[in-house]
Every structure is written in structure tokens, then in C-alpha cells.
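Dear colleague,

I am passing on the structure below, together with some notes on what turned up when I went through it. Please read the notes with the coordinates open beside you.

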Amino acid sequence: MQVPQPRGPLTEELFSAFRRGSDDFYPTLAVAPTAVGDDAALALWALQQLHYTGFDGVADELEWDPQLVRVRGLLERDLEARLRERVAVPSGRSFTEDFFDWVDEQDGPSLARFVHRDATVEQVHDLLRVRSVYHLKEADPTAWLVPRLGTAAKAALMELQYDEYGDGDPNRLHHHLWSRGIAACGIEPATDAHIDLAPLEILEQNTALSMFGLQRRLRGAALGHLAAFEATSSLPARRMAQGLERLGMPQELIDYYTEHVEADAVHEQLAVRTIGAALLAEDPAIEPELWFGAAVCLDLENRTALAMFERWGVTSGAGVPESLATGLAPEHKDVA
Ligand SMILES: [Fe+2]
Ligand SMILES: [Fe+2]
């Protein structure tokens, strides 16, 4: 994986420091507290990427460089504070009893509805490229959660993860299915081919997920996010598959989505009723964090949908909120 193109003073400093490989990262640390927007989001994404595959030409030792870990901590603290300020966490509702009703009450913009009915092949290709930032390491951010859970929750999460990782068959691994699907569309199955195209909202979807996984303190949010992600996947996956069929796109990509129609209908039940219930039995005080993670998942997906509609100049169509016909949706205006 190649280091991305910088997007501001922090990523300029950070990426040149990555390449120098020196252990003097104090200039990077000095710039970090002032970074905002794309620059901060990309810096955080790259620092977290050191914990996954790293980058070509960047020393593996930098994963645990104390100064870089400090920069990652500053950026995650800032991201977490913004998310906590922004999302509304339901109070007085039971996560295990009320979760699916709560999901049904949410009515945000929908990229899957748009792909189902109205998107062009070019728009779908653009979406596949930026979605690749997640899907090429699908389920990996959730894997950080495994050693942070007690026995019952851990066993149930591994049941779900085992499925995501192909039930022991590398050809069934979900991120491999994704690679095969996009390659059949002529899109390179490599994150570094697309990261420079990813808008802020896609970066934040990924950095929030990794932050939840990498910090034990946020394990409740990680599980809440997983539950919301799975509970908002099955029906949209069906719409995506039908939209791709409408556009005559390759069967390998359609197969990726049809796999998720059934799989995620099972995963959402596992995430809420088995893993969530087990985690709550271990630690009842964690319930608001489960809701926080779930609310973050839906908020970031709404923002991503609005960002993509804006990028395509789309103001009407299936899944597109009416507010776009009259200007930017209000919730999109305060994106940092
Ligand atoms: Fe999956
Ligand atoms: Fe799933």
C-alpha cells in the first residue's frame, strides 16, 4: 500500500516523516492539534493504517512510535468529542428490546435506494471506489474487539466474524468477495488506488470504526456500531443487487451483495440479541455506549450519502432527501 497524497499541513508533515523514518516526530506532534477537516481525517486514517497493513517504504516500527501514538490519540480524542456532541443517544430504551424499532424509526438518505432506481454506472463505480476503503478490510476493525469481551460475548462475536472471514474458506472471505466483484468491474482492488478520492465522510466512517476497535474503553460503541451496521445492511444489500442488475453490472459484484442479504439478516440478530445481551450481562452500565456506537454508524452513513449526492450534483431521485432540491441538507453544513 502506498502512502496517500497529503491534504494539508499535518499530512504533509506526517507523510514526509513516514518516509524519512526518523524517530523525531515532534514537528508532526506540534501540527496535530490545529489540524481540521480532510487533513485531520486523513492523518488519523493513515496512523490507524499502521496497525493494519502499514505502507510500502514506511518502517513497521512506527506502528508503536510513542510520538505517533500520541498524535493518533489527539486526533481520536477530537473525533470522539465531535461525534458525542453531534449524535443523539436514545435514553430510556432497552438495547436488546428496542433496537430494531429504533432502526426502523430512522429515515435518512439512502445510497442503496438511489443505486436501485436511479444511479448511473459512473456513479456506481465512484461509490465502489470509495466504499473499498472499508470493504477491502471488511470485518477487520471489529476483530480488535474480540479480546476485549468476556466469554459469552466473545464466542458470539466469533460466530459472526467466522462468517465474515468466509467460514474458513479464503474464497468466501467477504473482503475477498468484494475484491473479486470490483475487479470484474475493472476497478483495482487496492485501497491505495482509491484513498485519494475518498471524501471526508468516508474517511470518518473508517476512522471512527477503527477508533472504536482500537480503544478498549470504546468497546460498547464498537458493538453498537456493529449492530447498526448489520441491521441496516440486509435490505440495502438487496436494493444494491437489484440496482446492479438493472445496470447490467458483473455477476461477481451482484454476488457480493446477495451474500449479504441473508448473512446480515442473521448477523443483526446475533449482534443485538446474543452479543449485545452478553455484553450487557457482563456490564449493564455499558448500555448508553451501545446506543452511542449505533447512532454514530447511522449518522456517518447519512453524511456519506449526502456527500456523494453533492459530489454527483444529484438533487432528486430515490433515496435523495427533499432538502437537497432546495440546497444542502442542514445536517451536512456543519461537517468539519
Ligand atoms: Fe460482510
Ligand atoms: Fe455482516
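**The two iron ions**

The iron ion (ligand 1) and the iron ion (ligand 2) lie 3.9 Å apart, and E164 coordinates both of them. Please bear in mind throughout that this is a predicted model.

Around the iron ion (ligand 1), the coordinating residues are E138 (OE), E164 (OE), H174 (ND1) and H260 (NE2), at 2.0 to 2.2 Å. Along the chain these donors follow the spacing E-x25-E-x9-H-x85-H. H174 belongs to helix α10 (residues 174-184) and H260 to helix α14, so this pair ties together parts that are 86 residues apart in sequence. As for the geometry, the angles subtended by the four donor atoms around the iron ion (ligand 1) run from 81 to 166 degrees, which makes the arrangement irregular; to count as tetrahedral, four donors would need all angles between 85 and 135 degrees.

**Helix α14 and its contact with α13**

How are α13 and α14 arranged relative to one another? Helix α13 (residues 234-246) packs against helix α14 (residues 251-282) at an angle of about 160 degrees, and their axes are 8 Å apart. That angle makes α13 roughly antiparallel to α14, and the crossing of the two helices is left-handed.

On the α13 side the contact involves S234, A237, R238, M240, A241, L244 and E245, which meet L253, I254, Y257, T258, H260, V261, D264 and A265 in α14. By class, the residues of this contact divide into nine nonpolar, three polar and three charged.

Helix α7 (residues 121-135) and helix α11 (residues 200-214) pack with their axes 9 Å apart and at an angle of about 10 degrees, which makes α7 roughly parallel to α11. In this pair V130, R131, V133 and Y134 of α7 meet I202, Q205, N206 and L209 of α11, a contact with five nonpolar, two polar and one charged residues.

Helix α5 (residues 95-105) and helix α15 (residues 287-312) pack at an angle of about 15 degrees, with 12 Å between their axes, and are therefore roughly parallel to each other. The crossing of α5 past α15 is right-handed. From α5 the contact takes F95, D98, F99 and W102, and from α15 it takes E287, L290, W291, A294, A295 and L298. By class, there are eight nonpolar, no polar and two charged residues in the contact of α5 with α15.

Note on methods: Residues numbered from 1 in each chain as written. Chains lettered and ligands numbered in written order. Predicted model: local features only at pLDDT ≥ 70, side-chain atom pairs only at ≥ 80, totals over all residues. Heavy atoms only, no water. Axes fitted to C-alpha atoms, helices over the stretch in contact; angles between N-to-C directions. Helix = DSSP H or I, 4+ residues; strand = E, 2+ residues; numbered from the N terminus. Parallel < 35°, antiparallel > 145°, perpendicular 65-115°, else oblique. Left-handed = near helix turned anticlockwise from the far one by under 90°. Contact = heavy atoms within 4.5 Å. Nonpolar A, V, L, I, M, F, W, Y, C, P; charged D, E, K, R; others polar. Donors = N, O, S within 2.8 Å, 3.2 Å for Na, K, Ca; no water. Tetrahedral: all angles 85-135°; square planar, octahedral: opposite > 155°, others 65-115°.
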